[in-house]
Each structure stands twice: as structure tokens, then as C-alpha cells.
Amino acid sequence: MTRVLVVDDHDFFRSCVVDLLHSTPDLVAVGECRDGSEVLGAARTLEPDVILMDIRMPVRTGLDAASDVRRAGLPARVILLTSDPCEQWRAAAEAQGVLGYHAKGAEFGGLLQAVRRVADGGTAWPEDEGPAPRDRG
């Protein structure tokens, strides 16, 4: 079972992702955060395998929180969520240990594939899209 921490400042979107994860046999949402400032503490306490995190949040960004996770040496693997996918921030994201991103407007099935791919040791950048990883349910 892959443990996922969901981080997004939009309550409705975050709730939808949590519900989706709970309806999937091999994935579970172990916690939620509304801002990047909450991520480090939650990641230490909840020990997620994957952190799904909005890149743009009002207090502390997803890139800042990914940096915190990396500097703390936590094993959680980070995927950023964005409503505006672009390559401009990819180098900065990779420098913080981020392993991919998923567009908020894309299908949720692709999000599940990205989580599984990253949990299995891969990455989830747009060029990584392809056949879905094996179903672990």
C-alpha cells in the first residue's frame, strides 16, 4: 500500500484527490496539508511514500516545501501539482528532489499512474507518460 500526503490550498481539489486515493485499493491518503509550511511536520509524523503537492500556495510554495523535505533527508518522493504546467520551473523542481508533476486539469487516472510510477522508483514528467504501471491492488 502506497501512503500519500496531499498538499493543496484549495479545499475542494484536495478533498477530491483524497477521495480518489481512498477509492483505490493500492493507494491511501495518510494526511492533508493546506500549505507548504505544514509539510515537513506532517511528513515526519505520517511517513508518506509520496507527497502530492501544489506548486503555488500562499504561505510556502511546493518548491520550498520540497526543499525542506530533501534537506531533512526524508524518504518521501515528491510530485508537484499545477494548474499551469511549464518547463520554466522544472530545473528548480529537480534541484529540490521533485520527481515529476501532474496538471490539475488532466484526468485523475493519470495522477494515479504518476503516483504509482514515482512510488515504484520512477519519475512522472510528461515524457514519462506511457503504459500504466502494473496494478498493485
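A residue is termed buried when its relative accessible area is under 20%, exposed when that area is over 50%, and partly exposed in between, using a 1.4 Å probe and protein chains only. The model examined here is predicted, with local features requiring pLDDT of at least 70, side-chain atom pairs counting only at pLDDT 80 or more, and totals for chains, interfaces and linings using all residues. Residues are numbered from 1 along each chain as its sequence is written, and side-chain values use heavy atoms, with hydrogens and water left out.

Helices (H or I, at least four residues) and strands (E, at least two) are DSSP runs numbered from the N terminus. Two strands are said to pair if DSSP finds at least two bridges between them. In general, strands of a sheet pair through backbone hydrogen bonds, either parallel or antiparallel. In this model, 5 strands form an open sheet in the order S2-S1-S3-S4-S5, with parallel pairing. Strand S2 (27-33) and strand S5 (98-103) are the edge strands, each pairing on one side only. On average, neighbouring strands of this sheet are turned by 25 degrees against each other, direction ignored; axes are lines fitted to C-alpha atoms, for helices over the stretch in contact, and angles run from 0 to 180 degrees between N-to-C directions. S3 pairs with strand S4 (residues 77-82) in the parallel sense over 5 bridges, and methionine 53 stands opposite leucine 80 in S4. Helix H1 packs on the sheet, where it touches strand S1 (2-7), S2, S3 and S4, and its direction makes about 155 degrees with that of S2. Contact here means heavy atoms within 4.5 Å.

Arginine 14 belongs to helix H1 (residues 11-22). Arginine 14 counts as buried because its relative accessible area is 5%. Not counting residues up to four places away in sequence, arginine 14 touches Val6, Asp8, Asp9, Glu32, Cys33 and Arg34. A polar contact is a pair of N or O atoms within 3.5 Å; within protein, one must be able to donate a hydrogen and the other to accept it, and residues adjacent in sequence count only if both atoms are side-chain atoms. The side chain of arginine 14 makes such a contact with the side chain of glutamate 32 at 2.9 Å, and reaches the backbone oxygen of aspartate 8 at 2.6 Å.

Glutamate 47 is found in the loop between helix H2 (39-46) and strand S3 (50-54). Glutamate 47 counts as exposed because its relative accessibility is 57%. The phi of glutamate 47 is near 50 degrees, a positive value in a residue other than glycine.
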